[in-house]
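Hi,

Here is the structure I promised to pass on. Have a look below, and then read on for what turned up in it.

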Amino acid sequence: MINLPVLDDITKILFVLVLATAALIITIRTLTSLLNIYSIQSWVIAAVAFVLYLKNGSIVLLLLAILTIASKAFLVPFVMRRIQKSMHIKRDLEFRYLTPIGSILVGTAMIFLVYWSFSQFLPELSSETMFFPGAVIGVSLALMGMMVIFTRKQMITKILGYLTMENGVLLFSLFVAELSFIIELLIILDLVMLIVLATVLAFGIDTSIDEFHDKLNSFTLWFKE
Amino acid sequence: MLLAYIISGLVIMGFMLLRFFAPARRADYLNSLAIAQSAIFLILSIASLIYIPQPSFFFSRYLMIDQLAVYGALISCGIFLLASFYARGYVRRLVELHDIEVRELRLFYAAYNLLLIVVVFAFYCNNLALFWILLELTTILSAVLIVTLNAKENIVAALKYVFTASTAMLFSIIGLIILFALTKQATGVGTLNWDVLMQQAASMSPRLFTFAFVFIFIGFAAKAGIVPFHTWLPQAHAKAPSVISVLLSAVLLNIGIFGVLRLYAVAHQTAAWHDVSLILIGFGVLTIAVAALSMLPRGNVKKLVAFSSIEHMGFLLVGIGLGTPLALFWVLFHILAHALVKTLLFFSAGILHQQYHSNQFEDMKDVFTLQPLAAWGLIVGSMAIIGVPIFPVFLSKLNILTELADYSLPVLFIILLCFLIVAAAFAVILIRTIPQTGEIKHEPYRVSVSMKLPIMFLFAGIVILGVYFPGGLHNMLVGIVNSLGF
């Protein structure tokens, strides 16, 4: 059995990594780097799930870690890279309302706001040491993802913002309560489908309608002519 | 029973994959399958109502058949059946105009049928997390249905829909997780099963429950088109083919409202229910006001009808927030009335679009000569939707407003003022459109019988429901209100 303080320390280091990736996601312009950072963030969150599994031995957490790596570190970035290649967009230069520095400041303010509002409610729920910071960082990450959706113009960047939101929600759920595995699995499948659809739609905006329908049909092979 | 739904749905989907017919006849073949599935589902829903003791639980209590669920399923299957008939002529015409390509038809109808399956099971969900999953699936499928048309604006509309709805739905998941943790704290075993939540609600911390409720509400509200999460709705409803606008407005918005209703029933068992009521009424009034003010300057018939849907969802929210048995009874009736009238309006708008190739009122010249049925549909539908007597919306509006008068007179006045604006918006547009004459740019379009029949059926249905309240429906609605614990 690994002793608990060490695991808590590892979790804290992983939290810092999560925040670092979040800071990069809200500021970076190059799309390929954004995708890479998203993959790294997913790995970090899977690592958090694994550490929590070592701590309390719940098999659902282990399965979640594996699922996260399979879907978020491999499958989603793979699909997005493929489609992005055919779109010829490399950088998302436009920030609406916020500059990168502004994004960092707003992001930091969000963390404080979430911390303050959650401290009014959540501590009633659990007495675990890592529960509260985990929940706060999870929701802050989700809000930062939402900020990316609202402040960036390129659809692909918006989708990455949405994916970051999902990672935040996942982190939150790891610390607050894990739902039954079948439900978690269905949720992840749902979200993967949503991302694939959104990516294909984003592709459609930048290409001709014929090419778009080709792509749409290629993801629904059975219905292809 | 639930297996019967799944098996029949899958068999029909299987038939869709078969390539029996040449492209020329494919539209009708696929449409026949859609009609068959809607009819089978409607029959199964009626059978569930009659033969299954309610509530009954299935699949480890993840699914449940109770009266509220069957009511939702019946309305949805009925609307799907009407829409499937209408789609026969409508989609054929879309293919002729190259608004949709033949190669997209299979995808279109597959998504259509899958949507029906998902919708019915969303109503039959006992588990709120499973409900969330199915709600998200409805977003995916309806977005696919919107983009099968050959137009780029549709992709933009669908993307906006997907982004707004699913971003809001992620907040719901946070709320659901808090709720789950809350039940775990109260009883030792976490659950999101609605029947258990109803029993355990009293032991939950009201503060934390309200906290969870707000998060869950954001997602459900976005799906129901509640302000400020409504931004996707007007564009998606206006750009979608009319037969899909019907499903979005008369079926999918209801699921969001049903979710809020179930959650509110749980809240009613806690000490938090006054706060929750206040939240619902606040959002409801805001929604009605924003929708009403957005309707005045509209020139696009489908956008006008879409904003009217937002307004009605806001009104339903106010009705739910009142929380009296009478208000809830009429909320349930209003859901049915709104679904029927909205279907009539979108069906009529669909015919007008195919005649004039436009949704703008100023393009619609000589409507009574060219499309008398659609013109009447628009007039009767507009009168019915603003709540003119002898139409069913009048009954529910009157009764909910009477209940509202007991709650707060200022709120009643605000809502009445908004209704006046809405009525003016419909009146202005009808008065401007109907006498318009001018050079006819397009050949008169012969509307097929399959499109006319559902409209006539709706005329009859709306008038009958406005003047005669069936005893069976009354008992069912009373049963639902009781089962929700009011």
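Of the contacts in chain A with a separation of 6 or more, 72% link residues 24 or more positions apart; a contact here means two residues whose C-beta atoms, placed from the backbone, lie within 7 Å. Before the rest, some housekeeping: this is a predicted model, where local features need pLDDT of at least 70, side-chain atom pairs count only at pLDDT 80 or more, and totals for chains, interfaces and linings use all residues. Residues are numbered from 1 along each chain as its sequence is written, with chains lettered from A and ligands numbered from 1 in the order in which they are written.

Chain A has 8 helices and 0 strands (DSSP runs numbered from the N terminus: H or I of at least four residues for helices, E of at least two for strands). Its radius of gyration is 18 Å, close to the 17 Å that the globule rule gives for 225 residues, so chain A is as compact as a globular protein of that length (taken over C-alpha atoms; the rule is 2.2 Å times the number of residues to the power 0.38).

Now for the partner: the contact takes 39 residues from chain A and 39 residues from chain B. On the chain A side, α5 (131-151), α6 (155-176), α7 (181-206) and α8 (209-218) each give two or more residues. The largest share, 12 residues, comes from α7(A).

Cheers
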